[in-house]
Amino acid sequence: MSVYYITQSQSILVSGKTYPYRELLRNLGGQYQAQDKSWLLPLSDDILKKVDELCKGIGGGAQKSPRPAAPPRAPAAMATNEPLVADAGFEPSVSLQGDGVTIAELMQKIQLAIAHSFPRSLWVIGEIQNFRQTATGSYFQLADFKEGASRSATMTVNATIWRSQWQDMERKLGRDALKELMVDGLRVRMLVDISLFKDRGQISLQVQGIDPSFTKGSLALAREKLLRELRSKGLDQKNKQLPLPAFPLRIGLISADDSRAKSDFLDQLLVYGFPGQVLFYPAQMQGENTLRDVVSGIKALESKGCDMIVITRGGGSAADLRWFDSAEIAYAVAEARVPIVAAIGHHEDVCVAEEISARREKTPTAAADFCVHLLQKTRERIDQQSLILARTLDERVRLQTQILANLKARLHLGAKQVTHQHESHLQSVRSELQMRSERRLMQWMTQTQNLAQSFFQRWQFVLREQSSRLRRLSEDLHQSERRLVQWTAQTDNLAQSLWQRWQFVAREQTTRLRRLSQDLHQRANTQLLPKRYEIEDQKRALGLAAREVHQRQREKLLQLEKMIIQSDPQPWMAQGWTQLFADGHRLDRADQLEPGMKLKARLLDALLELKLESLTRLDPNKSDIKKESNP
């Protein structure tokens, strides 16, 4: 738990187990150095007495300094612009006796040498890299380029801004201004104290202050140099000279994905009901990748045929916007083949990309308003041209209406005369066609009646023949019946005469006669009944034959009647069919026709005279059509 101290030129370096006594050391004005876990206190008799009492009270004390006393150094506030000057009279006294020194002793000696060589705070210039901020302080590296090496080869040193010092710098410069300066990639000028981190043997810089004018002046000089270069080549006006599209319906948008600038731009277009399409290209809008993403986005959106490209972000500090002062983005904007609208900074921040773009807007919402304004302006021009065109068309329509009215009156008068002539001609043609059609119809009716009469006479003749035949058959049947009656009467008479003749014969002959009579009766029944049945069958057969003949003749008459009805052309003509005639003969095949023939076509109430101009022959076996025309 020992604590030791070393007296330096104007400070006291306290090391050891100082954690339990940190509040006491802080109250004495001490500053904790995390690299070597020591405290640096200002040198005064009162503070030296209290530190000595503290160390001796816990078993520690003063350590001998390996260097002679150095002259007192000026306060840090008076060393703001002094150059780095080493003490030429300092010679470290390193003991070379014995086997050597331990690493701890070596680090202690190096720490004392650094404290002696750099007794005052000094200004250093470098580029900020790997900046990070924690609850205890801010850690980063200051880098510088190696002479004669490539740009990627750098020398770096660790730097720290403790929380108390950060708060003091915020009070002097302002919180926002300090954040703008502490950004990776910025070249800054800082007031630092040099110390050694003994555990790792690393040099560390304890930042005491920063010069804001140095960083801003460097950025401004680089910006003006780039603008002069662009103006000398005529590139500052190249994108401005591109014509703005009248219908920006395909807009390219370069912004950070899920950023407020992107959502503001798209929301504003949505409010206006933008009818076009927005092609979005995600890009990093701050940091080293900004140059690559923005340049690639411009080229990619140009290849997709965008009418206009909008580059937007939500403003930011001068350090955040410095990427848009780069030559890469400036030349990409100048060489773009489509107009570029830049809405990158705030009102007072204008970067080079905005200076040379076709249009600069303050915010993403204003950029969206400008795109919609172009469409509205085009619509207004279209409306004005529409009004002018409507007036011109109305005048033309009025003149043409007057001309058409005059032509209509003249045509109406001429049409009446032509119509009267055509009506007279049509009346004469209609009368002639009606007479011809009535004459032809009378001929057809006469032929039909003659045919029906001849068929009726023939049917009557056949019917009379069949009736005569039926009568003859009936007479034959009656004669057969009479013969049968005669035969029956003769038989009865013969039997009666035989009965009378033989009634006197002996009784013994009676049985024989009775048997003989029975035999005769059986024979008569056997021979006459079949003959009677045969006559009845013939009679029935004749009746059936007569009915069949009558039915067949009736069916023939019905068929003839149907044929007569079917041959009547009037129903077909009522349905739109017609008949063609040439030289008094009816035509029904294409072989009877030739181009140039004069034909007559009969309608239901008219007869037309036609001239065959062309003939299309249809082959029933093939799908092709051969057309013949009159030369």
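**View 1. Strand β11 lies alongside β13 in this predicted model.** The two strands run parallel, and 4 bridges join them. β11 covers residues 250-255. Look for G252, which stands opposite I309 of β13.

**View 2. Zooming out from that pair, we get an open sheet of 5 strands.** The order is β12-β11-β13-β14-β15, with parallel pairing. At the edges are β12 (277-282) and β15 (359-360). Each of these has a single partner strand, so one of its sides has no neighbour in the sheet.

**View 3. Here is the largest nonpolar core, with 32 residues.** The members that touch the most others are I298, I309, I311, F324 and I329.

**View 4. A closer look at I298 and what surrounds it.** Setting aside neighbours within four places in sequence, I298 is in contact with I254, I309, I311, A332, V333, A336 and I340.

**View 5. Helix α4 (residues 163-173) has buried residues on one side and exposed ones on the other.** Q165, W166, M169 and E170 are the buried ones. They sit on the same side of α4 because they cover an arc of only 145 degrees around the axis. Over on the other side, S164, R171 and K172 are exposed. Just after the helix comes G174, with a positive phi of about 100 degrees.

Definitions and conventions
Residues are numbered from 1 along each chain as its sequence is written. This is a predicted model: local features need pLDDT of at least 70, side-chain atom pairs count only at pLDDT 80 or more; totals for chains, interfaces and linings use all residues. Side-chain values use heavy atoms; hydrogens and water are left out. A nonpolar core is a set of buried Ala, Val, Leu, Ile, Met, Phe, Trp, Tyr and Cys residues joined through side-chain atoms within 4.5 Å. Buried means under 20% relative accessible area, exposed over 50%, partly exposed in between (1.4 Å probe, protein chains only). Contact means heavy atoms within 4.5 Å. The arc is that of the directions from the helix axis to the C-beta atoms. Two strands pair if DSSP finds at least two bridges between them.
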